[in-house]
Every structure is written in structure tokens, then in C-alpha cells.
Amino acid sequence: MNINLPNFNVKNLVKEAGSTISRVVQLTEEKLGTTERTEYDLHFQNLAERADVTKTWTEKIVRDTESVLIPNPQNRVEDFIFEKIEKSKPKRLSNLEHLALDMIEAGGDFGQDLPYGQALIKVGQAEQKLGQCEHDFIATSGICFTQPLRKFLDGEMKTISKERGILETKRLDLDACKNRVKKARSMLGQQSKDGISPEAVFEQAERDLRVAQAEFDRQSEITKLLLDGISTSQASHLRHLHAFVQAQVRYYKQCGDTMEQLQRELAKMQHPKPRLRINSEDVDGGPPSSVSMHSCDSDSVALDSDPDPDQNSSISNLLDDIRIEFDASAISTVIFVTECSPVNEDYMYGKQGLMKGLVPRAFVEMLDEEHDITL
């Protein structure tokens, strides 16, 4: 049986093994402080430090942004896996959409013709819109912000890290060559060993040093160019940041518009208010007056109040004593009302016994003591 084995270059393997051992020895001696090392110039050190800071903070910003967009860590891991295997992400319902479906279903069971059922369905439909806005915001933010930053980390920063690793290897080789030259120089003038003169050893060491120095300088320039490119990358990141902010502004505006529309729709669903005429010349700022009201089925309602002329506090703190008498049902009660602070065009603040709340202006009409008001 013929077995095709790969062709190994033994010399190259031995050479690589020797270089690796030499680097390990050099690194160990540097850590022990028993040998000198080649230091990078100040400009290179500043560029390398800026690259490290950029990498660290970009990773944190991307991670934090993804946590805001998708709070569930399991969903983030799932999305990452589908992205790596180049499959479409599963369509998941957000918490808002789950709430919306439950509200709509509950509204249908409670009765679509009843106020509470109608309100639940309306709110559920609004929550669905918010959920869709959230999906759009997450997708837009990924495209305009997190994905470009991740691409920078996975592309440019990985290349920089790789080239910096090669440069560090070249530096170790250079320092090892320097040590060999130093050792060979100290052996000049001694007797030859194994037929090799110390001068030949010294010359070979110097040739190796020149080669190592050239390779180190070349790799240093390549790495510097890549490090300088971080400034351009940060300018690009600034544009992505502006796009992310614009996406947020659009998202929150859509949410605000949706909720304001929901409020208007819920207000329209309230019981219709009767048409009333207001004959008081100064309802907001004038003193309380006696008011009488007649309902649509001829029930008479008389409201009498006695103003306190000595009271100089603001209208927002003034309570009027109003006595309500229902002629048809013979029911008598007392309501204390005052203007809201700030003044509300539609409501007044009312108190009846232990009950407090807002009283619709449209249900009362401020008149003189002799006049009536129609409900």
C-alpha cells in the first residue's frame, strides 16, 4: 500500500524551532531583566496606546448598545449564531407585541361594544404599532451603528493586532541577534572551536543582525501606517453615531405620535357631553355665583353658593360651597369646587364628602341666583 506523506522540509522545521526557542529565551531574559530590549519610539507608543483605548471602548460601546436594543442575552446570542451561519434571524414578538395581543384578545372577550373592551382593543393596537416601531429602530440601529463598529473590530483592529504581533516577533529576533553579536565580539581573539574561527562567527552574527534590523524597520513602518488609519476610522464612527442618534429621534417621535393619537381616540370614546350655555361673564376669575340647572327630563337642580368677600387667596385655593337640590328625586348634597391650578378649560376640581376629582365644566353652567342652566 502506497501512502502519500506530505513533504516536510526538515531544515525549515529545525530553523523555525530554533527561532522559536531563541525568542522564548529572549523574552524570558527580558522579564528577568538580564538583557536589554529594543524600545519603540515615542510616536509609535502613542499610536499603539490610542489603538488599545479605541479597541477597548469600541467593544464596550457595541456591547452596551446591543444590550439596550435587545435586553435579552439569550436573544443576542441566538442572533449572533444565525449571523455567523448566514441564516435569517427568527421573527420574535417583543414584550410590547405580546402585551398588545393579550389586550386585543381580552377586549374581544369582554365585549367590543363595551367601553372597557373597546379601550383595550384600541390600546392593544397602539402597542402593536409601538412594537413595530421598536423592530424598525433595532434594525436601523444595527445597520447604521453597531454593525459598522463590529466590522471595524473584526477587520481593521484584528489586522492591527496581527501586525503588532508580527512586529513584536521581529523585535525579539532583533534583540536575540544583538545578543549574539555581543557574545561573538567578546570571543574575538580566542582559539577556533570545531574549525570555526571567532571572526567568522562574529561576521555571521553581524549579517543576521542587519537582516533582523531591516525586517524590524519594515514591519514597524507597516504597523505605523495601520495605527495612523485609526483617525480615519474614528471620523467614520462619528458619522455612524450621528445616524444612530437620528434613528433614536425618529423612533421616540413615532412612539410619541402613536400615544398622542391613542389619547385622542380614547377621549372620543367617552360618553357624549350635553350642549350647555355659559352665561357667567367671568367663569375663571369671577366670584362664585348661585347656579340652578334643569336636566333634560325636567328634573330641577338648584346650585347656590355664598361667596366670601373677605377671602383674597388665589382662585386655585378657593372652594365654593354649592348646594344641589333635585326636585324630582328630593336628593340634597353639597359639592365644593375650585379652579384647577393652572386653570383647565375643560375641568374644575371638585370635592364631595370623601370623594375628590375633576368635574367637567360642560356639565354645569355658572349663572346668577335667579337663572337656570340646562344639562
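The model is predicted, so local features need a pLDDT of at least 70 and side-chain atom pairs count only at pLDDT 80 or more, while totals for chains, interfaces and linings use all residues. Residues are numbered from 1 along each chain as its sequence is written, and side-chain values use heavy atoms, leaving out hydrogens and water.

Let's begin with confidence. The pLDDT is the predictor's confidence in each residue, from 0 to 100. The chain averages 76, and 70% of the residues score at least 70. Over residues 272-333, however, the pLDDT is below 50. Where pLDDT is low, the predicted coordinates should not be read in detail.

Now look inside. A nonpolar core is a set of buried Ala, Val, Leu, Ile, Met, Phe, Trp, Tyr and Cys residues joined through side-chain atoms within 4.5 Å. Buried means under 20% relative accessible area, exposed means over 50%, and partly exposed is in between (1.4 Å probe, protein chains only). The largest core has 29 residues, and Phe-44, Phe-137, Met-157, Leu-227 and Ile-230 touch the most other members. Helix 2 (42-69), helix 5 (115-186), helix 6 (198-228) and helix 7 (230-268) each supply at least two of its residues. Helices here are DSSP runs (H or I, at least four residues), numbered from the N terminus; strands are E runs of at least two. Helix 5 gives the most, with 13 residues. Leaving aside neighbours within four places in sequence, Met-157 is in contact (heavy atoms within 4.5 Å) with Ala-51, Lys-55, Phe-152 and Ile-230.

Side chains of opposite charge can pair when their charged atoms come close. A salt bridge is a side-chain nitrogen of Lys or Arg within 4 Å of a carboxyl oxygen of Asp or Glu, and the structure holds 10 of them. In one, Lys-55 pairs with Glu-59, with the closest N and O atoms 2.9 Å apart. Both lie in helix 2, four residues apart, about one turn of the helix.

Other bridges reach further along the chain. Glu-66 and Arg-150 meet at 3.0 Å, N to O, linking helix 2 to helix 5 across 84 residues. Lys-122 and Glu-265 also form a salt bridge, with their closest N and O atoms 3.8 Å apart. Lys-122 lies in helix 5 and Glu-265 in helix 7, so this pair ties together parts 143 residues apart in sequence. Finally, salt bridges that share partners join Glu-168, Arg-171 and Asp-175 into one network.
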